[in-house]
Amino acid sequence: MITVEHLVKRFGNFTAVDDVSIDVASGQIHGFLGPNGAGKTTTIRIIAGLLRPDAGRILVNGHDLAIEPEAAKAALGFIPDRPFIYEKLTAGEFLRFHAGLYGMDEAAIDDRIREMLDIFELGKWQHELVESFSHGMKQRLVMSAAFLHRPKAVLVDEPMVGLDPRGARLIKDVFRRMSAHGVAILMSTHTLEVAEEMCDRISIILKGQIIAHGTVEELRAMAGTPNDELTPVFLKLTGGSGLQEIDEIV
Ligand SMILES: Nc1ncnc2c1ncn2[C@@H]1O[C@H](COP(=O)(O)OP(=O)(O)O)[C@@H](O)[C@H]1O
Ligand SMILES: [Mg+2]
């Protein structure tokens, strides 16, 4: 559903994304795991159509982002790491605005907004201004918007940062539910625990390059591979508490 082929992005003479390929099938939650600065946000922003790559190809729902950007973007939802919301709108108004951007069928909008507000436990606050919302509430509102137009694929950049355990649990449950309905989810995280707990498959990125990919089990099976960069990551996957952030071990 999301296919990334040999993506390259340079900033000046620095290569932030270096030949990255990722494939996310329908119904899968794919973890994009790596330390800070590895190139996750840059990759995700390219897939979202916000940054132009120097090389490579992206297909969303079979549409090449470079050739049919509108069709590709219509099939996508995007949850950025630092979302922008118009604070002077109410939650309901924000979702309505979003529905308009995606050209949703007018007759279906109200029901779908109600459904999203319910799922993300925001129904009670739908008439409140966004500026009064907590970080977690804003996060859930942005997620409501990302799923509103029934995208086939959703990009999520570091969704668990700054959330309390209850908020994190809710989001995990919703992602599971959405993937069970066939949505392909590509989720970046710098936390091994989050990737292990939530993802069907994981691609590990280091310094702009994918150094390993597979299911958690497959990555564990590879753990014996003698490789200076991979071994600590895999050792961590095989036996550690899983709580340590990947930054500390690479
Ligand atoms: N606009 C930019 N100009 C120059 N360098 C950038 C820019 N955006 C990101 N980078 C660099 O690219 C690398 C990857 O960044 P990023 O994709 O944000 O990593 P991650 O999301 O994995 O933490 C970092 O070294 C970062 O400093
Ligand atoms: Mg990032």
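Reply: A definition comes first. Ala, Val, Leu, Ile, Met, Phe, Trp, Tyr, Cys and Pro count as nonpolar, Asp, Glu, Lys and Arg count as charged, and the others, Gly among them, count as polar. The model is predicted.

With those classes, the shell around ligand 1 has three nonpolar, six polar and one charged residues. Its members are Phe-11, Ala-16, Gly-34, Asn-36, Gly-37, Ala-38, Gly-39, Lys-40, Thr-41 and Thr-42. Helix 1 (residues 40–47) gives the largest share of this shell, three residues.

Helix 1 also has a place against strands. It lies across strand 1 (2–11), strand 2 and strand 4, and runs at about 120 degrees to strand 1. These strands belong to an open sheet of four, in the order 2-1-4-5, with antiparallel pairing. Strand 2 (14–24) and strand 5 (63–64) are the edge strands, each pairing on one side only. Strand 4 (residues 55–60) is joined to strand 5 over two bridges, in the antiparallel sense. Leu-59 stands opposite Asp-64 in strand 5.

Helix 3 (residues 91–101) and helix 4 have axes that come within 10 Å and cross at roughly 125 degrees. That angle makes helix 3 oblique to helix 4, because angles under 35 degrees count as roughly parallel, over 145 as roughly antiparallel, 65 to 115 as roughly perpendicular and the rest as oblique. The crossing of helix 3 and helix 4 is right-handed. On the helix 3 side the contact uses Ala-91, Gly-92, Leu-95, Arg-96 and Ala-99, and on the helix 4 side Ile-109, Ile-113, Met-116 and Leu-117. By class, this contact of helix 3 with helix 4 has seven nonpolar, one polar and one charged residues.

Helix 4 (residues 106–119) and helix 5 (residues 135–148) pack at about 140 degrees, and their axes are 9 Å apart. Helix 4 is therefore oblique to helix 5. Helix 4 passes helix 5 in a right-handed crossing. Arg-112, Met-116 and Leu-117 of helix 4 make the contact with Ser-144, Phe-147 and Leu-148 of helix 5. The residues of the contact of helix 4 with helix 5 divide into four nonpolar, one polar and one charged. Met-116 and Leu-117 are in this contact and also in the contact of helix 4 with helix 3.

The remaining pair is helix 3 with helix 5. These pack at an angle of about 30 degrees, with axes 10 Å apart. Helix 3 is therefore roughly parallel to helix 5. Helix 3 passes helix 5 in a right-handed crossing. The contact is made by Ala-91, Phe-94, Leu-95, His-98 and Ala-99 of helix 3, together with Leu-141, Ser-144, Ala-145 and Leu-148 of helix 5. Its residues are seven nonpolar, two polar and no charged.

Ala-91, Leu-95 and Ala-99 of helix 3 are in the contact with helix 5 and in the contact with helix 4. Ser-144 and Leu-148 of helix 5 are in the contact with helix 3 and in the contact with helix 4.

Technical notes:
Residues are numbered from 1 along each chain as its sequence is written. Chains are lettered from A and ligands numbered from 1 in the order in which they are written. This is a predicted model: local features need pLDDT of at least 70, side-chain atom pairs count only at pLDDT 80 or more; totals for chains, interfaces and linings use all residues. A residue is near a molecule or strand if its C-beta atom, placed from the backbone, lies within 6 Å of it. Axes are lines fitted to C-alpha atoms, for helices over the stretch in contact, and angles run from 0 to 180 degrees between N-to-C directions. A crossing is left-handed if the near helix is turned anticlockwise from the far one by less than a right angle, and right-handed if clockwise. Two residues are in contact if their C-beta atoms, placed from the backbone, lie within 7 Å. Two strands pair if DSSP finds at least two bridges between them.
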